[in-house]
Amino acid sequence: MLNKYARAFFTRVLNPFASFLVRKGVSPDTVTLLGTLGVVVGALIFFPFGHFFVGTLVITAFIFSDLVDGNMARQIGKSTKWGAFLDSTLDRVADAAIFGALAVWFAGDGDNLRLAVLCVFCLASGQVVSYTKARAESLGLKCDVSGLVERAERLVGVLVATGLSGLGVPWIQEIALWGIAVGSFVTIFQRMLAVRKEADGLEMTRPGSAPEGGGAA
Ligand SMILES: CCCCCCCC/C=C\CCCCCCCC(=O)OC[C@H](COP(=O)(O)O[C@@H]1[C@H](O)[C@H](OP(=O)(O)O)[C@@H](O)[C@H](O)[C@H]1O)OC(=O)CCCCCCC/C=C\CCCCCCCC
Ligand SMILES: Nc1ccn([C@@H]2O[C@H](COP(=O)(O)O)[C@@H](O)[C@H]2O)c(=O)n1
Ligand SMILES: [Mg+2]
Ligand SMILES: [Mg+2]
């Protein structure tokens with residue numbers, strides 16, 4: 001949903017900054033790499049020690065690089081397959097750092113095993129959500145349904161709630177984590193059903209055709 005409705009707005013807002021970086025000769029890949037590094041370092045330095053508010057601000061500052069890199073690539077007319085691969089792969093790394101660092105806090109000084117497990121579930125289910133689309137596309141199948149909770153929802157949910165929790169708002173983080181966990185679980189099935197439909201449709205038009213791209217796991 002956010003991807004559909006908020007992306008255009010943020011693209012317009014970030015456009016001047018992306019143009020500035022292009023003029024300075026910065027490459028989209030550099031922005032992808034530095035943005036991810038900032039998110040990972042911000043998450044690992046602050047969240048495992050319970051510094052939720054500052055951590056959220058640092059991560060938020062870097063996470064918007066994910067919208068800037070693609071914008072820059074489009075401005076210079078160099079949207080490459082390598083860039084798409086790098087962007088998506090590092091998205092997974094950033095997501096793992098955010099939810100993993102929160103899990104470390106809750107399993108340790110945060111002393112809340114339920115939330116630690118919930119963070120691990122959010123991490124794992126979020127990665128599966130992304131994998132469904134990546135695997136479908138590698139098989140030449142469309143995964144047209146975005147689903148209830150995509151990456152933007154996961155990030156906004158966890159960051160807003162963690163930032164507010166750092167300011168002392170009670171329960172907000174637990175509510176957001178449950179929302180992300182349930183939403184991601186539903187999204188996995190939404191995407192699997194969509195791909196199943198697409199695969200069945202292709203099978204009807206090309207019965208008995210050999211599976212494509214079967215080598216990858
Ligand atoms: C007093 C308040 C204290 C609290 C402070 C809180 C501050 C934090 C506030 C906001 C955090 C904002 C987070 C920013 C979100 C960043 C968005 C972003 O990068 O999203 C990435 C997403 C996807 O990008 P890609 O196309 O590059 O990636 C694809 C994706 O990874 C796919 O994964 P999947 O979805 O399938 O799981 C892969 O399949 C694919 O391969 C990959 O390419 O980009 C978008 O979706 C674009 C839309 C972004 C919308 C951002 C909206 C932020 C909006 C508002 C936040 C403001 C809230 C203010 C809160 C105040 C609190 C009351
Ligand atoms: N280093 C990069 C990063 C991205 N791209 C291209 O942009 C697309 C992603 O756009 P976002 O707005 O979601 O960042 C991606 O699919 C690539 O085509 C790139 O070329 N190099
Ligand atoms: Mg990007
Ligand atoms: Mg990305």
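1. On secondary structure, the protein has 9 helices and 0 strands, counting DSSP runs numbered from the N terminus, with helices as H or I of at least four residues and strands as E of at least two. This is a predicted model, where local features need pLDDT of at least 70, side-chain atom pairs count only at pLDDT 80 or more, and totals for chains, interfaces and linings use all residues. Residues are numbered from 1 along each chain as its sequence is written, chains are lettered from A and ligands numbered from 1 in the order in which they are written, and side-chain values use heavy atoms, leaving out hydrogens and water.

2. As for overall dimensions, the C-alpha atoms fill a box of roughly 60 × 45 × 30 Å along the principal axes. Of the 217 residues, 38% are buried (under 20% relative accessible area; exposed is over 50%, partly exposed in between; 1.4 Å probe, protein chains only).

3. Now the annotated site: UniProt, in an unreviewed entry, puts a "binding site" at Asp66, Asp87 and Asp91. These positions span 26 residues in sequence, but no two of their C-alpha atoms are more than 8.1 Å apart, so they gather at one spot. The annotation may be inferred rather than shown by experiment; feature names are shortened and positions follow the numbering used here.

4. Asp66 sits in helix H5 (residues 65–75) and is partly exposed at 21% relative accessibility. Beyond four places in sequence, Asp66 touches Asp87, Asp91 and Arg151 (contact: heavy atoms within 4.5 Å).

5. Asp91 belongs to helix H6 (residues 81–107) and is buried, at 12%.
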